[in-house]
Amino acid sequence: MIDEPWRGGERPTSPTSPTSMVRCDGVVQIYRARDVEVVALRDVDLVIDAGETVALLGPSGAGKSTLLWLLAGLLRPSAGRLWLDGVEVGRLDQRRLDRLRARRIGTVLQNPARNLIGYLPAAQNVAFAQRAVRRDRGRVRELLRRVGLDDAGNRPANRMSGGEQQRLALAVALANAPALLLADEPTSQLDAASGARVIELIKHAAQADGTTAVVVTHDVAVSEALSRTVTIRDGRVGSEGRRGEDLVVVGREGAVQVPPEFHHLLPPGSMARIEPLDDGIVLRRAGS
Ligand SMILES: Nc1ncnc2c1ncn2[C@@H]1O[C@H](COP(=O)(O)OP(=O)(O)O)[C@@H](O)[C@H]1O
Ligand SMILES: [Mg+2]
């Protein structure tokens, strides 16, 4: 690391592991529109270490895109604390946050066209994303090749199909060899072969550049290829999966979300009896 002017000497004071790329501490996100308030995230606690690849799962409206926007530095939390790359976002003025984003973060938003400058040719879109780092034409060509757009370098982004735009958006997000890659459903418009390319590219970035990736996805092929899953339900981290094992998360106030696959045994709204064991508890449906 040569030059990190955005840090301004402001290391977090809490005991954050030096390798954590993301840390959320009681993060709350509230959207205010006229007289309605939507609580999109409530008390999210999450630590993601450098080099991890995380699939962010959950039903529609759960808060996945909101969390991604926060990790991208595009939103600031309504409450709670958020660290990105070891720096607390709340301590950064807008200029420093913009610099952190341009140098260290790559983002693929849900709508592919929003990631691109429509009138610019594909290769120039990728090159433009290197404006805050050292320009690297070889990397531009290599990324276009890896997303299968080697022959499309001169084509303006707005003359590409949705699927091509989605692949180009990933090349743009990786142009600056980001420490943190955030991608919102990056394979939603791709066939299986193009989807596999995208997965390979994310894994390659993690291996070659140490890029930490957080990918919102409904695509099983994507979530299975990444090292960890985090499931968001109703604005909270409900469960996590690592190496094939799914674990529920006990929240701040002791709340546990029963995963949908067990709703037939313990339906939402039912009452349960708690029985302590030496190493935990069991929940048994009460009454009836
Ligand atoms: N800009 C916004 N203004 C108001 N409410 C929003 C806005 N964006 C998202 N929401 C609401 O926040 C909640 C979480 O949305 P979102 O993060 O997009 O969920 P997901 O990506 O999991 O589908 C939803 O109830 C959604 O309607
Ligand atoms: Mg979304």
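A backbone N or O atom of Gly63 lies 3.0 Å from an oxygen atom of ligand 1, a polar contact in the sense of a pair of N or O atoms within 3.5 Å. This is a predicted model, in which local features need pLDDT of at least 70 and side-chain atom pairs count only at pLDDT 80 or more, while totals for chains, interfaces and linings use all residues. Residues are numbered from 1 along each chain as its sequence is written, chains are lettered from A and ligands numbered from 1 in the order in which they are written, and side-chain values use heavy atoms, with hydrogens and water left out.

Staying with ligand 1, a polar backbone atom of Ser65 is 2.9 Å from an oxygen atom of the ligand, and a polar side-chain atom of Thr66 lies 2.6 Å from an oxygen atom of the ligand. Taken alone, ligand 1 exposes 560 Å², of which the protein buries 60%; such areas come from the Shrake-Rupley method with a 1.4 Å probe. The residues around ligand 1, including Tyr31, Val38, Pro59 and Lys64, each have a heavy atom within 4 Å of it. Helix 1 gives the largest share of this shell, 3 residues, and the shell divides into 5 nonpolar, 5 polar and 1 charged, where Gly counts as polar.

We turn next to the sheet. Here 7 strands form an open sheet in the order 6-7-8-3-9-10-11, with mixed pairing; strands are DSSP runs of E with at least two residues, and helices are runs of H or I with at least four, while two strands pair if DSSP finds at least two bridges between them. Strand 6 (105-108) and strand 11 (245-248) stand at the edges with a single partner strand each, so one side of each is left without a neighbour in the sheet. The twist averages 20 degrees from one strand to the next, with angles running from 0 to 180 degrees between N-to-C directions. Strand 7 (residues 180-184) and strand 8 (residues 212-216) run parallel and are joined by 5 bridges, and Ala183 has Val215 of strand 8 as its bridge partner.

Helices also meet the sheet and one another. Helix 2 (residues 94-104) lies across strand 6 and strand 7, at about 80 degrees to strand 6. Elsewhere, helix 4 (residues 137-146) and helix 6 (residues 192-209) pack at an angle of about 140 degrees, their axes 10 Å apart. In this contact (heavy atoms within 4.5 Å), Arg139, Leu143 and Arg146 of helix 4 meet Arg197, Leu201, His204 and Asp209 of helix 6.

Terms used. Polar contact = N/O pair within 3.5 Å; in protein donor to acceptor, adjacent residues only side chain to side chain.
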